[in-house]
Amino acid sequence: MKTIKRWGPPVLLLTPSMILMAVFVYGLIVANFATSATDNHTAAQATGVQPTVFVGIGNYLDLLASDAFQHSLKNLLLYTVVFLVGTMVIGFMWAWLLERPMRGEGIFRSVYLFPMAVSFIASGVVWRWLLNSNEGEQALGLNRLFQMVGLDFLQNPWWNNITWGIAAIALPAIWQLSGYVMALFLAGFRGVPVELREAGRMDGASEWQVYRHVIFPQLSPVALSALIIIGHMSLKAFDLIMSISKPSNYQTKVPAVDMYVFKSSFDYANSAAVGAILLIIVAVLVIPYLIYTNRKEVSGR
Amino acid sequence: MRRIGVVATAAAIGLALTACSGGGDGGGDGDEGGGGGTDVEVFTWWAAGSELTGLEALEAVFAEQHPDFTFVNGAVAGGAGSAAKDLLQTRLQAGDPPDTFQAHAGAELTDYIAAGQLEDVSDLYTEFGLTDAFPQDLIDLLTVDGNIYSVPSNIHRSNVVWANPTVLESAGIDPAAVPADIDAWIADLETVQATGVTALSVATTWTQVHLLETVLMADLGAEAYIGLWNGETDWTGAEVTGALEHFETLMSFTNTDRDGLDWPEATQMVIDGTAAYNVMGDWAVAAFEEQGVERGAGFVDFPVPGSDGQFGFLADSFTLPVGAPNPDGATAWLETVGSLEGQVAFNQAKGSIPARTDADPADFSEYQQSAIESYANDAIVPSLAHGAASPIAVLNAVSDATSKFTTGGSDLATYQQELAAAVG
């Protein structure tokens with residue numbers, strides 16, 4: 001009786017959300033994997049007019065072997081690297097600059113953080129114009145700007161370059177999320193006790209040495225969190241690409257776009273398989289991090 | 001396995017829930033239509049501009065012809081129809097179809113037909129006398145295994161070149177002289193390009209596929225072009241190679257920012273005089289007229305050189321979904337859609353032409369009159385880029401291959417192979 005009183009209310013409170021999660025998150029993930037293991041490639045099969053057959057990992061093997069999907073994965077990798085390096089470096093620099101208390105810090109903080117409030121779709125519309133690939137007389141956007149300041153040689157086709165084009169799409173993403181990374185790092189800097197800095201100085205460390213040996217090492221958990229957050233956002237990249245480019249543009253294909261295109265042509269099995277591959281990639285990134293933080297919390301107790 | 005079944009059921013419930021909430025926006029949910037009521041939910045992507053005016057005109061005719069039914073507008077805006085198609089897919093999947101929905105006539109219906117989601121309406125063709133009112137070419141293209149699954153409301157032409165006469169004249173080209181074939185046109189394009197203007201404007205992938213289809217029509221001729229879609233013409237043959245070479249050359253005359261644009265921006269380049277030619281379906285005429293640009297002085301139009309005598313057709317049409325809550329209402333709607341009165345009212349507003357051949361051309365604009373004449377006399381061939389020629393999966397594969405080719409990801413031989421694989 002007593003135990004029910006103790007466990008009852010929390011369980012009762014948790015149950016609705018647990019049921020919803022079980023059905024709509026984990027249940028649908030299972031359904032997704034189940035679909036991806038069938039040959040459900042046509043509208044007729046999706047509605048049950050034609051039978052579907054279990055094909056195991058056949059769809060995955062076909063996808064991974066196809067040039068088109070490899071191209072998408074390559075694009076995704078390039079996008080992620082540029083996006084990660086860009087936001088981490090810029091966010092860190094900004095945080096470092098703002099770390100020392102200064103006048104107007106609040107304003108700078110808001111200015112840098114603000115782009116994050118804009119939706120990718122809205123900023124994509126503007127960046128599509130800025131990243132116009134015309135050069136010479138018809139140039140618009142950034143290429144025109146380069147001409148006006150005499151840096152003509154910097155003109156380039158931006159996202160329409162077949163190999164590096166996807167990196168240009170990372171530019172607006174960096175612009176939007178560097179401020180967020182800055183906020184994370186700023187919190188990290190502030191979390192370092194003043195006593196530690198003073199102790200370092202007492203021991204005769206120069207200002208640079210204080211940063212190098214006292215403060216930076218303590219930022220590594222923050223850096224890891226930022227890496228994971230930006231990394232998984234990057235893997236799910238879809239809206240920004242859809243807004244700047246178009247789903248069928250070869251130069252900006254990524255798996256999430258493939259998933260959309262497969263779905264629109266009633267190819268549910270391949271669409272689900274692409275979704276599963278994305279989930280697995282994210283899991284490979286996130287699960288070690290969760291284990292790591294979990295262990296740290298346990299050992300920290 | 002059982003557990004998967006439970007999960008699947010749960011997923012189905014989820015889908016049904018989203019479908020209901022989606023349908024609620026359109027105001028025509030199962031609750032209203034399913035009760036044997038008088039509501040007819042008409043699902044379209046005609047939510048703005050001349051399309052909306054057309055739909056309203058059609059609605060007025062419907063109210064007159066069938067006063068005992070109430071029209072419920074289930075239009076979904078966004079993405080040139082892709083938002084509507086997404087929602088429609090979900091609703092059909094969940095067994096909650098609208099009473100009737102808009103779809104491109106022709107092979108794009110293949111998926112719905114194979115999925116058993118559409119009723120055969122060929123009996124209605126006989127009942128409403130549509131068999132004689134529509135041209136035989138069109139009926140042949142709409143017939144699948146002896147059945148017809150939709151009633152076309154309007155016809156557009158795809159193989160039209162729009163040109164700016166001022167730009168042509170300043171390049172020394174007579175705007176009234178139409179090049180005889182693609183080679184002659186390429187010569188003109190070279191002349192224009194030498195003056196520093198974009199010779200041919202094009203936009204993102206689908207407009208490039210649109211250009212490709214018109215080149216195929218021009219180089220192959222009507223019969224061989226239709227053969228591409230029923231397997232009688234070999235995609236790997238030399239004729240197709242020649243057409244693809246032409247396509248490659250034409251693409252070399254186009255604007256470099258094409259992949260970021262959609263058709264209005266590409267057509268606008270011709271209106272503004274920054275480009276000489278644009279190939280686009282005849283809905284482009286609305287873009288010229290809206291800005292007060294007059295046919296003849298402000299723009300000239302002619303069939304893509306070499307495709308004279310062919311009418312690349314695409315059509316919007318209405319269907320009778322299996323399990324429609326109000327099939328009688330939907331049938332009444334189809335009668336209005338197919339009727340002379342309905343087609344004239346709708347097309348006057350939308351700028352397309354009636355699928356019926358008995359409409360009086362004098363009721364329409366100058367461009368429409370010329371289109372009506374070609375429609376009556378030319379060979380009618382299906383458009384690839386707009387779903388008349390092939391199912392969606394084929395079109396997606398063709399688009400992917402085309403985008404890869406035009407961005408430099410494949411050479412012509414690979415492109416041709418990929419096209420053959422996409423269609424085959």
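**Close-up 1. B:Val42 and B:Asn73 are bridge partners, the latter lying in β2(B).** Everything here comes from a predicted model, in which local features need pLDDT of at least 70 and side-chain atom pairs count only at pLDDT 80 or more, while totals for chains, interfaces and linings use all residues. Residues are numbered from 1 along each chain as its sequence is written, and chains are lettered from A and ligands numbered from 1 in the order in which they are written. Strands (E, at least two residues) and helices (H or I, at least four) are DSSP runs, numbered from the N terminus. Strands β1 and β2 (residues 70-73) of chain B run parallel over 4 bridges; two strands pair if DSSP finds at least two bridges between them.

**Close-up 2. Helix α3 (residues 49-65) of chain B links β1(B) to β2(B).** This β-α-β crossover is right-handed: with the strands pointing away from the viewer, the path from the first strand over the helix to the second runs clockwise.

**Close-up 3. β1(B) also pairs with β3 (residues 100-104) of chain B.** The two are parallel, with 2 bridges, and B:Val42 faces B:Thr100 in β3(B). Is β1(B) mostly covered or mostly open? In β1 (residues 39-43) of chain B, 4 of the 5 residues are buried, that is, 20 or more other C-beta atoms (placed from the backbone) lie within 10 Å of their own.

**Close-up 4. An open sheet of 4 strands in chain B has the order β8-β9-β7-β10 and mixed pairing.** Its edge strands, β8 (198-201) and β10 (300-303), each pair on one side only. β7 (residues 160-163) and β10(B) are antiparallel over 4 bridges, with B:Val160 opposite B:Pro303.

Technical notes
Buried ≥ 20, exposed ≤ 12 C-beta atoms within 10 Å, placed from the backbone.
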